[in-house]
Amino acid sequence: MPGSTDAFAETPPSRRRFLAWPILLGLAAFVFAFPLLAHSLGSLLVHLDEPKTHGDVIIVGGDDASALATQWLQEHPDSRLLVFKRPDPRVVQIGAADSDDDRILREVSKASDIDPDRIIVLPGQSMRDIHYGRLSSRWLAEHPERGLTLLCDEFQSRSLRLRLDRHLAPVAAARVSIEPLKDRRYGAQDWWKSRLGMRAFFSAMIGLTRSKFSIQSSEPPKYLSPEEYEAAFVASLQK
């Protein structure tokens with residue numbers, strides 16, 4: 001029985017050209033449509049609200065967020081920057097690194113035209129306080145005339161919006177807007193062009209799926225002092 005290669009070789013040239021056209025057209029359609037499909041998938045991660053120009057701003061994350069917050073304060077003289085000062089992790093406590101909160105305060109405070117009184121430091125326990133609206137809800141209740149704008153990474157914006165809508169009352173959630181910040185290295189339009197962008201896309205897509213379908217506790221994690229941490233570690237070794 002002749003092999004498939006021999007059978008194809010015996011096919012008349014006109015027949016082979018006829019079979020090749022659908023393959024070539026399919027490849028061309030894929031090459032043309034893939035960027036559009038990738039752009040659409042990237043857009044699923046992005047959420048953009050109308051900015052609350054009469055409100056205050058919180059940095060959740062995002063590329064160059066401190067510079068954007070500084071610009072925001074300069075353009076909106078009645079706005080204030082809220083910084084939720086979280087307990088320092090162990091690596092910060094031993095002096096091996098700066099905390100994100102201290103870095104934000106240092107970078108925004110460099111602007112000479114911003115009154116230090118417009119930078120308000122509030123006690124926090126974790127980033128989950130912001131995600132679940134714990135401190136945001138408290139601030140909105142204490143300042144009913146103001147709104148909030150949260151600066152965050154573009155790929156995290158829709159997940160953050162879902163969490164806020166889940167854990168804030170509808171009236172309070174309507175007073176909070178999301179301002180997504182595009183990473184300078186990739187974005188929703190071109191994430192597939194780099195390995196770093198692909199990792200960020202798939203990680204954010206997993207996070208969005210968890211935010212949409214999982215029910216997570218709004219209870220903040222318990223933070224241990226250095227002494228409590230060391231005691232717990234020694235106790236775990238003795239088991």
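The protein exposes about 14,700 Å², of which carbon and sulfur atoms supply 60%; accessible areas come from the Shrake-Rupley method with a 1.4 Å probe, and for residues only the protein chains shown count as cover. This is a predicted model, in which local features need pLDDT of at least 70, side-chain atom pairs count only at pLDDT 80 or more, and totals for chains, interfaces and linings use all residues. Residues are numbered from 1 along each chain as its sequence is written, and side-chain values use heavy atoms, with hydrogens and water left out.

Eleven helices and five strands are present; these are DSSP runs numbered from the N terminus (helices H or I, at least four residues; strands E, at least two). Of the 239 residues, 36% are buried, meaning under 20% relative accessible area (1.4 Å probe, protein chains only).

The largest nonpolar core has 18 residues. Such a core is a set of buried Ala, Val, Leu, Ile, Met, Phe, Trp, Tyr and Cys residues joined through side-chain atoms within 4.5 Å. Ile58, Leu148, Leu150, Leu160, Leu164 and Val176 touch the most other members.

A second, separate core of 16 residues includes Ile59, Ala65, Ile104 and Ile114.

Serine 211 lies in helix α10 (residues 195–213) and is buried, with a relative accessible area of 1%. Leaving aside neighbours within four places in sequence, serine 211 is in contact (heavy atoms within 4.5 Å) with Ser159, Arg163 and Arg166.

Definitions and conventions: Buried means under 20% relative accessible area, exposed over 50%, partly exposed in between (1.4 Å probe, protein chains only).
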